[in-house]
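This briefing goes through one protein model by topic. Have the sequence and the model at hand while reading.

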Amino acid sequence: MDRNRYKIDTILAHLSENGGIKDPFGSSHMPIYQTATFDLKKQGDNPYDYTRSGNPTRESLENLLSKVCSGVGAVLTHTGLGSIALLFESFLRVNDHILVDKDTYGGTFRLLKYYRDRMNITLHFVDFLDLEKVENKLKSNPISIVLIESPTNPGLKILDLQQVGLLTKKYKTIFAVDNSLATFVSQRPLELGADISLFSTTKYVSGHGAVIGGAIVSNNKNLLKEIKYTANAQGRSQNPMDVHTISLGIPTLPIRLKAHQDSALKLATWLENHPRVKRVVYPGLKSHPQYETAKKQMSYFNGVLTVDFESEELALRVVEETILFSEKCSFGTADSRIESPGKISHASFTSDELREIGINPETLRISVGLEDIDDLIDDLKGIIGE
Ligand SMILES: *Cc1c(COP(=O)(O)O)cnc(C)c1O
């Protein structure tokens with residue numbers, strides 16, 4: 001099926017016609033090739049020998065993701081963070097410099113410190129909304145990798161991927177985008193100037209909170225070759241059972257994103273007008289400082305928002321008393337979730353580092369699920385009032 005002719009919803013509904021199922025029997029859903037090895041004498045043209053190196057189940061989903069991300073190939077890893085580690089392991093050398101945004105997923109931040117301490121990597125943090133600062137950093141340091149998220153987690157800043165892409169091209173640096181929050185349905189970094197798009201499949205992509213996984217996709221054959229080599233050398237590939245579980249969520253991803261977004265916008269609008277709320281950050285609100293950039297590069301705003309309540313006490317009470325928003329980390333599931341970022345997902349940040357990216361003690365991150373939106377709003381009304 002032609003990616004140019006059909007919209008992404010149509011492509012994802014037809015996994016088998018899109019290289020998403022590799023099976024000689026015409027299976028209508030991807031079979032699980034649960035095997036460690038393949039018989040070298042029986043395989044004919046079959047290129048598989050050992051599941052760490054290659055497996056039809058994994059390759060099916062890799063083919064599909066590569067196609068819908070506009071890449072030339074993909075590697076599925078056992079976790080999302082595993083994809084980020086694979087990026088670093090593929091391209092970082094001792095004494096290298098990395099440039100990242102100040103607002104970075106907590107696990108990525110911890111991983112960056114890990115490489116800093118073990119490989120003498122210099123970490124440069126900058127606010128990527130300030131492109132002049134980004135350019136100065138690129139000009140005056142031998143940066144080998146630029147890694148950013150958009151939207152950022154948890155600050156929900158929207159970074160202009162096209163503008164950053166122009167700079168990384170100019171300074172010949174590898175440009176990688178963590179697309180976990182937006183997903184390839186909403187935003188395709190490789191079409192906007194990135195060399196590498198990577199993401200956790202744990203969140204929206206699988207969508208049911210049943211599995212952990214990650215993917216890394218590139219549109220550059222040389223980069224991809226290095227990534228594949230490293231994945232095999234380090235044994236980072238995902239097992240077929242988990243790949244299969246992730247594939248179950250893929251056809252419904254567009255319609256889920258739409259539902260998450262519609263509810264999130266209603267909730268964000270209600271909260272924004274509530275007297276006991278100081279601030280709501282949601283890329284789909286006109287009040288979001290980068291609303292125009294978000295509209296330009298994303299087709300869905302998804303279901304994650306951050307809310308500053310009038311006080312830390314009230315924020316804590318909301319987490320304590322809500323019935324429908326469970327206190328669990330992660331996002332992108334059918335059930336709504338709520339968390340205090342400093343306590344769970346960004347526990348590796350100091351309170352000063354959190355403040356700098358707009359996360360205060362009274363800030364909660366909310367992932368709006370697929371419940372009826374009136375039930376969700378009523379639940380919060382019972383705690384903070386009309
Ligand atoms: C969750 C997340 C990751 C890590 O993915 P895991 O599957 O949990 O390892 C990386 N980046 C972002 C932005 C995330 O939200």
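This is a predicted model: local features need pLDDT of at least 70, side-chain atom pairs count only at pLDDT 80 or more; totals for chains, interfaces and linings use all residues.

Residues are numbered from 1 along each chain as its sequence is written.

**Lys203**
- An unreviewed UniProt entry carries the annotation "modified residue: N6-(pyridoxal phosphate)lysine" for Lys203; UniProt positions are given in the numbering used here, feature names are shortened, and annotations may be inferred rather than shown by experiment.
- Lys203 counts as buried because it has 23 C-beta neighbours inside 10 Å; the cut-offs are 20 or more other C-beta atoms within 10 Å for buried, 12 or fewer for exposed, and partly exposed in between, with C-beta atoms placed from the backbone.
- Not counting residues up to four places away in sequence, Lys203 touches Ser180, Ser330, Phe331 and Gly332 (contact: C-beta atoms, placed from the backbone, within 7 Å).

**Ligand shell**
- The ligand is surrounded by 16 residues, of which Thr79, Gly80, Leu81, Ser200 and Thr202 are the closest (near: C-beta atom, placed from the backbone, within 6 Å of the molecule).
- Helix H3 (80-91) and H4 each give at least two residues to this shell.
- The shell has nine polar, four nonpolar and three charged residues; Ala, Val, Leu, Ile, Met, Phe, Trp, Tyr, Cys and Pro count as nonpolar, Asp, Glu, Lys and Arg as charged, and the others, Gly among them, as polar.

**Domains**
- The chain is assigned domain 1 (8-247) and domain 2 (253-384), with bounds from an automatic or database domain assignment.
- Their C-alpha centres lie 26 Å apart.
- In domain 1, 30 residues are in contact with 33 residues of domain 2.
- Helix H1 (8-13), helix H4 (106-119) and helix H7 (183-186) each supply at least two residues of the domain 1 side.
- That side has 14 nonpolar, nine polar and seven charged residues.

**Nonpolar core**
- The largest nonpolar core has 89 residues, and Val146, Ala176, Ile216 and Leu305 touch the most other members (core: buried Ala, Val, Leu, Ile, Met, Phe, Trp, Tyr and Cys residues joined through C-beta atoms within 7 Å).
- Helix H10 (residues 253-272) gives the largest share, six residues.
- This core lies between domain 1 and domain 2 because both give residues to it.

Definitions and conventions: Two residues are in contact if their C-beta atoms, placed from the backbone, lie within 7 Å. Helices (H or I, at least four residues) and strands (E, at least two) are DSSP runs, numbered from the N terminus.
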